[in-house]
Amino acid sequence: MASNGSAGIRDSPLEPGIFLDEELGSDWYIYESTESTARDDLFPDAIPECHPTISPRMYHTIMAPISLAMTLALSFLVKRRRLRQSCWNGVPGLLSPGNLLEEDGHRAVAAAVFGILFSSLCQLLLDPEPLPLVSPASPAAREYWKILALLYYPVFYFPLLGCTGPRHRLGYAAGALLAWGHCGIQLGQRLQCPLAPKLHRLYSALSHVPTLLSLALLSLWYPALLARSLGRGNASEPQIPEKSYYRKYLKAMLSKQGRKESSAKIEESLWSRILSYLRSYLYIPEEGFRIPLMLVVSITMAVIAVYQVSLLLLVAVVPTLQIVRAGMTKDVVVLLVQFGMVPTESPGIPGDMEQELRTARHYLWALEVCYICSLVLCCLLTCAMLLRTLGMHRSNLRALYQGAVLDVFSKAHILRPSRGAVVCWIGFSSFQAAFACLGLLIQQVIFFLCFVAFTFLVVIPLQAGTSSLLFGIIRNMWPFWLTLVLAVLVQHLLAHFQFLEQHSLQKELTNRRALYILTFLLFPTNVLVGVLAGMWRVVISGLYNAVHLCRLDISLLHRRLETFDPGYHAYCHYLRLEVSQCHPLLQAFCSLLLQPGRTEPPAPPRDTHLEEGLQLMHPKPPALGKARIRRIRARWWVAYTLLHNPSLMASRKTALADPAANGAQLGVPRP
């Protein structure tokens, strides 16, 4: 860049028509500054290109065929029991990504793989080459490659989750190899090329942090599963573990040591109520209850979404503000002074503009501080809402497990799977991540404007000792504000002392004639009070909806319009499917039925040499066997369970109506 034109502009004030010179206009940049700044720190384009040993295209070219081959190989471990049983004991079936409806599944593996997939989606939106295997021929074709990439990345990372489906040591070994391969290659790429000219030099490395952490978790988790499988020997992993979550839930429910709550309600102090309210935003795990797997995945995706969106907002705006603040010159300050955006002591007399330059840079620094503070506040609020929604999930699931449908839904519903419930269950975790992203963006816009307004209308005028627009409005309109305050205060005082009369048990309305007169006289004043109340209603409802947008467990609309809230509608259908298919008491009951019974020892042979009189005597009835005692206890447990969980009656009737339910042969579900 030539500096002759820009130096001349900095040494002399602006002249009319100075920007009409094309040679000078093309030679002048706002980024140039008289101060010495590190160009590499401000300009991402100044970072040289880096080519790792294994490029992204080579990485996908190597790992994609390996993943496909392992998927096909592991599919032979999954046998279809009702199709071609004479051929290899059943033809190979589809490799399942674990049982997402079971509580004893590998929760960490599912959350990690979903996190890798979502992080890849976030990087896909800004990547110039969305599909690493091919390069787009034109910018118009790039959008089509992005659509193909939306289908490619789930298939590419599917084997990382599918290796847990067969519950076999070969699957764990394949998962360990895949996790080590992905983690080693991506970690090597980040170490060789930590800086990248995309938005910011550190954005590429920071955006890959969730992916690297998830791959590191998989690299440790799969070897641990393999070691546990090898330690078990030839015995296969049980489908229902002996110490499963369902048995723990049943023991916790049938435990005789219940919580002893005092019948007398003790009045709590204000500090204790504040602590209890703050404690409601902290999720504390309780014994005997576990959050479902898909809820764990959805909350993990929401946290990763908050990290990715906040990182993008940070690196897209803050470095730009720093560049503008470092490149601020006196010529730009003259324009800002002429537009009245920067105050000056002598507006009609051009001076050296040193004070105005420092003021403009201070304003830009204040904007940067407001932006960072609002971003930190938005992240904290979103995380607090996500923690709060975990507690609400637990309360709603417990209520539905006990059959209290009206405690969760506004209308009575039958908890059965349906077409809408299946669709909502499929997209629930995706909805949670998308709502978290959108809620964070809206909160950032709102709180940034609030911080800027407070800073430039209150803080900076008080710091500089000057007047502001807000102070001028308050000073000029103080009689109006005082009138409204006095009108509201008078109405409250008269309502308390004149229009209410205390009787023995309740208050009664009195002085009705004076009440009618006061209502008519204060009607114009109350109209103005209503305008202010309406403005406050708009502000507080906007803030409430923006903060609670990431929560799907509550509706942002009226109860009659809950159906039109897509987030809450998806959450309700998700609960119906989750409770109907994963009721812990029903699962515990099924596990007891599937448990093989213990063989009793044969009865001793009867002595035939006894006398006839002794044989004719009625012997004492033998004591009940252990098997019969267990059977009786199990029946009482079923009765107790059905008594406290009426929602299970429908499932039990359906099971009894099935002719195969009472038989000895249990059907195996289709894969």
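## F409 and the cores

Let's start with F409. Skip its neighbours within four places in sequence, and F409 is in contact (heavy atoms within 4.5 Å) with L400, L415, C572, L575 and R576. This is a predicted model, where local features need pLDDT of at least 70 and side-chain atom pairs count only at pLDDT 80 or more, while totals for chains, interfaces and linings use all residues. Residues are numbered from 1 along each chain as its sequence is written, and side-chain values use heavy atoms, with hydrogens and water left out.

F409 also belongs to the largest nonpolar core, which has 93 residues. A nonpolar core is a set of buried Ala, Val, Leu, Ile, Met, Phe, Trp, Tyr and Cys residues joined through side-chain atoms within 4.5 Å. Buried means under 20% relative accessible area, exposed means over 50%, and partly exposed is in between (1.4 Å probe, protein chains only). Which members touch the most other members of this core? They are F118, L160, L218, Y222, L400, F409 and L575. Helix α12 (residues 293–326) supplies the largest share of this core, 13 residues. There is also a second, separate core of ten residues, with M328, V332, V337 and A360 among them.

## The whole protein

Zooming out, the protein has 25 helices and two strands. These are DSSP runs numbered from the N terminus: helices are H or I with at least four residues, strands are E with at least two. Of the 671 residues in the protein, 35% are buried. Take the contacts between residues at least 6 apart in sequence: 75% of them join residues at least 24 apart.

## How α14 packs

Two packed helices are described by the angle between their axes and the distance between the axes. The axes are lines fitted to C-alpha atoms, for helices over the stretch in contact, and the angles run from 0 to 180 degrees between N-to-C directions. Helix α14 (residues 354–401) packs with α12 at about 175°, their axes 10 Å apart. That makes the two roughly antiparallel, since angles over 145 degrees get that label, under 35 is roughly parallel, 65 to 115 is roughly perpendicular and the rest is oblique. In the contact of α12 with α14 there are 22 nonpolar residues, five polar and three charged. Here Ala, Val, Leu, Ile, Met, Phe, Trp, Tyr, Cys and Pro count as nonpolar, Asp, Glu, Lys and Arg as charged, and the others, Gly among them, as polar.

Helix α13 (residues 330–338) meets α14 at about 80°, with axes 9 Å apart, so these two are roughly perpendicular. On the α13 side are K330, V333, L336 and V337, which meet E354, E356, L357 and A360 in α14. This contact divides into five nonpolar residues, no polar and three charged.

E368 sits in α14. Is E368 buried or exposed? It counts as buried, because its relative accessibility is 9%. Its side chain has a polar contact of 3.1 Å with that of R325; a polar contact is a pair of N or O atoms within 3.5 Å, and within protein one must be able to donate a hydrogen and the other to accept it, with residues adjacent in sequence counting only if both atoms are side-chain atoms. Not counting residues up to four places away in sequence, E368 touches V318, L321, Q322 and R325.

S298 is found in α12 and is buried at 1% relative accessibility. A polar atom of the S298 side chain lies 2.7 Å from the backbone oxygen of L295. A224, in helix α9 (residues 209–232), is partly exposed at 46%.
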